[in-house]
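Student: Please walk me through this model, starting with the charged side chains.

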Amino acid sequence: MMFDSQDIPNPQVEDLSKEGKKFCVIGHPISHSKSPQLHEAGFEEMEIEASFEKVDVAPENLSEWIRNEFPNFGGAAVTIPHKETIRKFLDFETEAATKIGAVNTLFWKEEQMGGTNTDGIGFLRALQTEVLNLKKKRVLILGAGGAARAMIVALEAAEAQAALWNRTPEKAQKLAQEFEIGFVEELSEEAFGLFDVIVNATSVGLKEWKSVIPENFWEPHQVAFDAVYDPLETKFLSDAEAVGARTVTGDKMLVFQALEQFKLWHGIELEPEVMEMAFFTD
Ligand code: ATR
């Protein structure tokens, strides 16, 4: 089970930080990040004395930040644009990070700086709130960016049958070949109807009322999963819901990947509701 963070030796809480329990999320820009509020809700729930801050790190300062600043922290979440470039500065990474080709979580293990990726397992756990057993389920991923990559790796571990569609077909084709999954060049209504689960891993729907999928394509037996969480109710999900299909909103993926980080850093499995509630507080 490569996605179970139990394959990462559980950190001793006292090893986590060299100077108290400080955590952070790094990115550029970083003001939009919801990581602090999710993790702070966990600290409060478990009565952990720790802080979680946003740190804006420009790409040209990443190497120096890792060397000089990260040792002050017990762990860090990593977001755009550092998820791939950060890999070369770490002492080791997990199999999940290698397969996905990106790191979204930094942690310490015996003074060594490690990187892992909780986006894949977060996606899987989020999807499993609606479809518990994904084995042999036909899953169509729309998009071929970083999010799609994490999803493909997770679906492979769950033994689902994944296929890819992307606006720029060449990118989907390349990715599909790399992971030996299906490739959909043109999305006809008939082809669409064959899928059990459809995942929006494009940015379409973000702050706009648009969907990649024509509204008349949806069928009641399908499950729609959107990675977009602003707004939570997207056109993609709304169209699916209108015909009676089940839906998973974008907050779930964010919350479940953060729950996996929490487990890794603190050795504690929080109830999802703790972070879900925090998602909705500004
Ligand atoms: P992430 O890291 O979140 O996956 P990304 O790497 O920027 O983000 O990928 C964005 C995805 O949204 C891509 O698959 C992109 O399609 P292209 O490869 O063709 O660029 C997709 N996307 C963005 N705008 C789109 C649009 N208007 N219609 C369809 N797909 C779109």
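**Salt bridges, sheets and a charged patch**

Student: What do the side chains of Glu159 and Lys135 form?

Tutor: The side chains of Glu159 and Lys135 meet in a salt bridge, at 3.9 Å from N to O, where a salt bridge is a side-chain nitrogen of Lys or Arg within 4 Å of a carboxyl oxygen of Asp or Glu. Glu159 lies in the loop between helix H5 (146-157) and strand S8 (161-165), and Lys135 in the loop between helix H4 (119-127) and strand S7 (138-142), so the pair ties together parts that are 24 residues apart in sequence. The helices (H or I, at least four residues) and strands (E, at least two) are DSSP runs, numbered from the N terminus.

Student: Before we go on, what kind of model is this, and how are the residues numbered?

Tutor: It is a predicted model, in which local features need pLDDT of at least 70 and side-chain atom pairs count only at pLDDT 80 or more, while totals for chains, interfaces and linings use all residues. Residues are numbered from 1 along each chain as its sequence is written, and side-chain values use heavy atoms, with hydrogens and water left out.

Student: Back to that pair, then: how accessible are Glu159 and Lys135?

Tutor: Glu159 is partly exposed, with a relative accessible area of 47%, and Lys135 is also in the partly exposed class, at 43%. Here buried means under 20% relative accessible area, exposed means over 50%, and partly exposed lies in between (1.4 Å probe, protein chains only).

Student: How many salt bridges are there by that rule?

Tutor: The count comes to 15 salt bridges. One of them joins Glu110 to Lys109, with the closest N and O atoms 3.0 Å apart; Glu110 is exposed, at 61% relative accessible area, whereas Lys109 is partly exposed, at 23%. Another links Lys210 with Glu208 at 3.7 Å between the closest N and O atoms, and here Lys210 is partly exposed at 49%, as is Glu208 at 28%.

Student: Which residues are linked in a network of them?

Tutor: Arg125, Glu260 and Lys263 are linked in a network of salt bridges.

Student: New topic, the sheets. What is the strand order in the parallel one?

Tutor: That open sheet is formed by 6 strands in the order S9-S8-S7-S10-S11-S12, with parallel pairing; two strands pair if DSSP finds at least two bridges between them. Strand S9 (182-183) and strand S12 (246-248) stand at the edges with a single partner strand each, so one side of each is left without a neighbour in the sheet.

Student: And how many bridges join S10 to S11?

Tutor: Strand S10 (residues 197-200) and strand S11 (residues 223-226) run parallel and are joined by 4 bridges, and Asn200 stands opposite Asp226 in S11. The loop between S10 and S11 holds Pro220, which is exposed at 54% relative accessibility.

Student: What about the sheet with mixed pairing, what is its order?

Tutor: It is an open sheet of 6 strands in the order S2-S1-S3-S5-S6-S4, and its edge strands, S2 (51-56) and S4 (92-93), each pair on one side only.

Student: How does S3 pair with S1 and with S5?

Tutor: Strand S1 (residues 22-27) and S3 pair in the parallel sense over 4 bridges, with Phe23 standing opposite Gly75 in S3 and Cys24 opposite Ala76. S3 and strand S5 (residues 105-109) run antiparallel, joined by 3 bridges, and Ala76 stands opposite Leu106 in S5.

Student: Are the residues of S3 buried or exposed?

Tutor: In a regular strand the side chains alternate between the two faces of the sheet. Strand S3 (residues 75-78) is covered on both faces, with Gly75 and Ala77 on one side and Ala76 and Val78 on the other all buried; Val78 has a relative accessible area of 3%.
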